[in-house]
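Visitor: Could you show me how to read the core and the helix packing here?
Guide: Gladly; let us look together.

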Amino acid sequence: MTPFAPAGPPRRAVLSLAIPAVVAVAVFAILGKVVAAYTVGDPGVVMRWLGPLAGVGTMIGACGTVGFLLLGAFLAPETTRTHRRAAAARYAAGFAGLWLAGLLANQVAYFASASGFRPSQPQFWSQFFGLAWELQPSRMDIISAVVVAVMLATCVQTHTTTALAWCWFGALFALLPTALAGHSAVSRDHMSSINALAIHLLAVTTWVGGLLALVILRRGLGPHLPVAARRFSRAAAWSYAALGLSGILAAWFNLTAIGDLATAYGAMLLVKVGAFVLLGFAGYRNRTLALRTLDADPGSGSAFARLALGELLLMGVAIGTAVALARTPAPAIESIPADPTTVYALTGYGDPGAPPDHAWLVTWHADWLWIAVAAVAIGVYANWMHRLHQRGDRWPAWQLICWVAGWLVFVYSMCGAPGVYGRVLFSWHMIMHMTVAMLVPLLLVPAAPITLALRALPARHDKTRGPRELILALVHSRYLHVVANPVVAAVIFFFSLATFYFTPLFYYALATHTGHILMTVHFLLSGYLFTWVLVGTDPGPKRWPPLILLVVLFATISFHAFLGVIITSSNNLLAPDFFGQLGLPWMTDPLGDQHIGGAIAWGVGEAPTLVLALMVTWQWVRADRRETERLDRQADRDHDAELAAYNARLADIAAHDRREGASR
């Protein structure tokens, strides 16, 4: 096997990204007074500068880690004569080390700034190790550092496709705590700003890191560089769109007026916008010119590298500016009116007031994360359906209608009255829960998205995992065979519900952003899984007989109703540290509201249960009808050979009995 050869000195690509990033962060840190001396408790010039510089190192490390894992697991073809995954794993481990070092340095710089102590002082380190977990920004860095350390160790030990894929998902997860610790967490719309920053980080690391990995490994990719570059181009297009939309959303919540663009924060934002526009133009040119050239001559990677290095320079400027921007208070933060209420302290939102008479129609608060998820899900499904139609295949329109209706109902449950009042009232929370866990899956599962995806997505034959391969890996995984067991799915659906409401998990889901998102995802996935094992038509483990499925359905819903009865009759307030402390002037009886919520849990499940029972029965009837038709067609073909064989067998038995009787 031939040794792997990277593209010249990798330092050229890294320096093309790092030098402009350091220069930009230095310029804007001074402009935004990020490194200005503190009036009281100044940690010193070294600590003031360590934070921004560590931020640059963290971002470059994160980009490189995500990019090389993406390339090794999903983009670069592998043959028996190449070592591309091993090379990608080595580079990913190196950048993960930089990422980890940046996170640790950032923790030290933050604690020095927050405490006013310098690392040279004796009390610094004892207080640092004692209080780091108590401070949210350093706690978020610790969580990210643990995940990054696990990825680093994994990349050093193995370089299989599966390991690199899991590490890539882990790298994306390690980015998310950062969104919870920035200025976006205290902007005008707490949750939407955090969501925008999280999507921003995922998009920029995928885009920048993927390009960096392609440039460094281009020679090792050899004749497969056009394939890898074209695959990355699609990921870059998605990242660019996500980056632009999340950036617009973040700017909307962090600026109060057009005049804010004249501030230091506004100037940095304009520089980022300019770099974003130029990168869009350069990316389009690279896509249309460089990819066409590579397709015609796979050995002409130098032209691609020159264009990519220019893009990396602009990306470096954008990264440095973004790091300084993240450490500069946004104008909107200073204009947020003081809200002394407990509601704001617990939820990040003000008191929505008593539900009006037409709350179902007039109450709305846009949760842009779920709106974006629904829009992407609908758009991708419609695109897959269009692909089938283009090649002459058909996909039932009613399934598209079910898919769209399911996501629209989901968006309403999160942004309409159930989502708004579900943050402060148990009864409305239960309406939201029942809608997401029972009604939405009832619409989504019949749309059979996995079947559509497997028919629409192209297959790969080069030892990489594209979207279709990932879906097939999930469908045939041992994990799915376990959780798709109807009894296991029923246990997940019911017992996780009971565990959720009668443990502190319920409080964290109500009072924290992360908990709220995880709660919503769990409701949706557990409900989808339970509905799918009963009436789903997508490929998966062997289905159980319909009669047993009906028994599982009615047993599960009986337990569900019993849980509603317990909540209705309970005299103990669930999540008392939340509902008992809200102090809503228009809600003086939270326990009575809880009883209403229990009644909703008890009664609302009846209609979806009836629909599920009818669907299981209908599938049972259809299966019997298909089996009967199959047997009839077989009988027509072989002139009832099976019946004739059965009759002959009976005749043989009768003859045998007569012979035995005669012998006696």
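What follows is a short talk about cores and helix pairs.

Guide: This is a predicted model, where local features need pLDDT of at least 70, side-chain atom pairs count only at pLDDT 80 or more, and totals for chains, interfaces and linings use all residues. Residues are numbered from 1 along each chain as its sequence is written, and side-chain values use heavy atoms, with hydrogens and water left out.

Visitor: Which residues have the most contacts inside the largest nonpolar core?
Guide: A nonpolar core is a set of buried Ala, Val, Leu, Ile, Met, Phe, Trp, Tyr and Cys residues joined through side-chain atoms within 4.5 Å; buried means under 20% relative accessible area (1.4 Å probe, protein chains only). Here the largest such core has 84 residues, and Tyr501, Phe506 and Leu534 have the most contacts inside it. Helix α18 (residues 426–444) gives the largest share, twelve residues; helices are DSSP runs (H or I, at least four residues), numbered from the N terminus. Apart from this core lies another, of 82 residues, including Leu103 and Ala171.

Visitor: How are α16 and α18 oriented to each other?
Guide: Axes are lines fitted to C-alpha atoms over the stretch in contact, and angles run from 0 to 180 degrees between N-to-C directions. The axes of α16 (residues 397–415) and α18 cross at roughly 170° and come within 8 Å. α16 and α18 are therefore roughly antiparallel (over 145 degrees).

Visitor: What about α15 and α19?
Guide: Helix α15 (residues 368–390) and helix α19 (residues 449–456) pack at about 50°, with axes 9 Å apart.

How values were computed: Buried means under 20% relative accessible area, exposed over 50%, partly exposed in between (1.4 Å probe, protein chains only). Helices (H or I, at least four residues) and strands (E, at least two) are DSSP runs, numbered from the N terminus. Angles under 35 degrees count as roughly parallel, over 145 as roughly antiparallel, 65 to 115 as roughly perpendicular and the rest as oblique.
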